[in-house]
Amino acid sequence: MLAGYEVVKGNDAGSFTGGGRKLVLHTTEGSSANGAIGAYRANNSWPHFTISYKEQRKIQHLETNVASRALQNNMSDGFQTNRANCVQVEIVGFAKNAWTKEEMDWYAQRFLEIRGSFYFPLNFLGSERLNDKQFVDYSGICGHKNVPDNNHSDPGNQDLAYIISRMGAVPTVPESEVFKVKNFEGAIVKVQTGNNGNGYKDIRLSKDGLMFCGFGWIGSSSKGLAVAVQNLGDSTYRVGVEGAPGAYVISVNVLFGER
Ligand SMILES: [Zn+2]
């Protein structure tokens, strides 16, 4: 169990059966951790973790090397959900409420703590629901709303780009374009994957402190992709891509400011 976490033991769903390493986010659709734990008990729907910003509570229910039970799974389709290398976090609150920056900063710290015992890459998905194979193969952060065999929409439309930027997602393509611009406010970055080659995507970046991320889909690879712009100082920025092996930056068009 993680240091500094309360322990309220739950039931697991057995061993992991393989797939990309995923952090699956939920919202409890309630206002307290204790209320959520009562629901897990009643429904046998335990996640690995429950975290509550308002109550400043972080609770662990299961070790991160066994599967939890917060997802539905269609046993007859041959694909797993809970057991597909998912560590699941229930966040106290409602999917309809957008998280504040203060909440997201706190969640980012909790996700880093979890990532210390269960590594997952710093990328994420949009709102589409994956099919069974896409889900098993996916690695990174996703929501209940992305999971096949499930119809829930939690955790809602949250700013995961901001969260992974707070988790330290940084450009990972060393040969990425370096550009100089005064009064930088935003950019459109065109990227392409090297592995299937058929996807181009314009990703819109907005300014948010020293480092900020955009998000996009690349062709048919269905991989979440984060583009980060890092301020190197002296009006120089580096653009990089995290989340899709082989993805690279084609061009950077600055929206505001002078290049
Ligand atoms: Zn859920």
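Two residues are in contact if their C-beta atoms, placed from the backbone, lie within 7 Å. By that definition, residues 24 or more positions apart account for 66% of the contacts in this protein with a separation of 6 or more.

Before you start clicking, two notes on the model. It is predicted, so local features are taken at pLDDT of at least 70 and side-chain atom pairs at pLDDT 80 or more, while totals for chains, interfaces and linings use all residues. Residue numbers run from 1 along each chain as its sequence is written.

**Stop 1: the whole chain**

Of the 259 residues, 43% count as buried. Buried means that 20 or more other C-beta atoms lie within 10 Å of the residue's own; exposed means 12 or fewer, and partly exposed is in between, with C-beta atoms placed from the backbone.

**Stop 2: the six-stranded sheet**

Next, select the open sheet with the order β1-β4-β3-β5-β2-β6, whose pairing is mixed. Strands pair here if DSSP finds at least two bridges between them. β1 (6–7) and β6 stand at the edges with a single partner strand each, so one side of each has no neighbour in the sheet.

β1 and β4 run parallel, joined by two bridges, and Val7 has Gln60 in β4 as its bridge partner. Now move along to β3 and β4, which pair in the antiparallel sense over four bridges.

**Stop 3: helix α1**

Which residues of α1 are buried? Select Ala33, Ala36 and Tyr40. They cover an arc of only 60 degrees around the axis, which puts them on the same side of α1; the arc is that of the directions from the helix axis to the C-beta atoms. What covers them includes β3, β4 and β5. On the other side of α1, colour the exposed residues Gly35, Gly38 and Ala42.

Just after the helix comes Asn44, with a positive phi of about 50 degrees. Asn44 sits in the loop between α1 (33–43) and β3 (49–52), and is exposed, with 10 other C-beta atoms within 10 Å.

**Stop 4: helix α2**

Now select α2 (101–115). Its 15 residues should span 21 Å at 1.5 Å a residue, and its end C-alpha atoms are 20 Å apart, which agrees. The expected span is 1.5 Å times one less than the number of residues. The buried residues of α2 are Tyr107, Phe111 and Ile114. Seen down the axis, they fall within an arc of 55 degrees, so they line one face of the helix. An α-helix has 3.6 residues a turn, so residues three or four places apart point the same way. β2, β3, β5 and α4 are among the elements covering the buried residues of α2. Turn to the face away from this buried side and you will see Lys101 and Glu102, both exposed.

**Stop 5: the nonpolar core**

Switch to side chains for the largest nonpolar core, which has 40 residues; Leu23, Val89 and Ile141 touch the most other members. Such a core is a set of buried Ala, Val, Leu, Ile, Met, Phe, Trp, Tyr and Cys residues joined through C-beta atoms within 7 Å. Elements giving two or more residues to this core include β2 (22–27), α1, α2 and α3 (132–137). Centre the view on Leu23: leaving aside residues up to four places away in sequence, Leu23 touches Val87, Val89, Phe111, Ile114, Phe120 and Ile141.

**Stop 6**

Pro155 lies in the loop between β6 (140–143) and α4 (160–166).

Finish at Asn85, whose phi is near 55 degrees, a positive value in a residue other than glycine. Asn85 is in the loop between β4 (57–60) and β5 (86–91), and counts as partly exposed, with 19 C-beta neighbours inside 10 Å. Most residues other than glycine have a negative phi, and most peptide bonds are trans.
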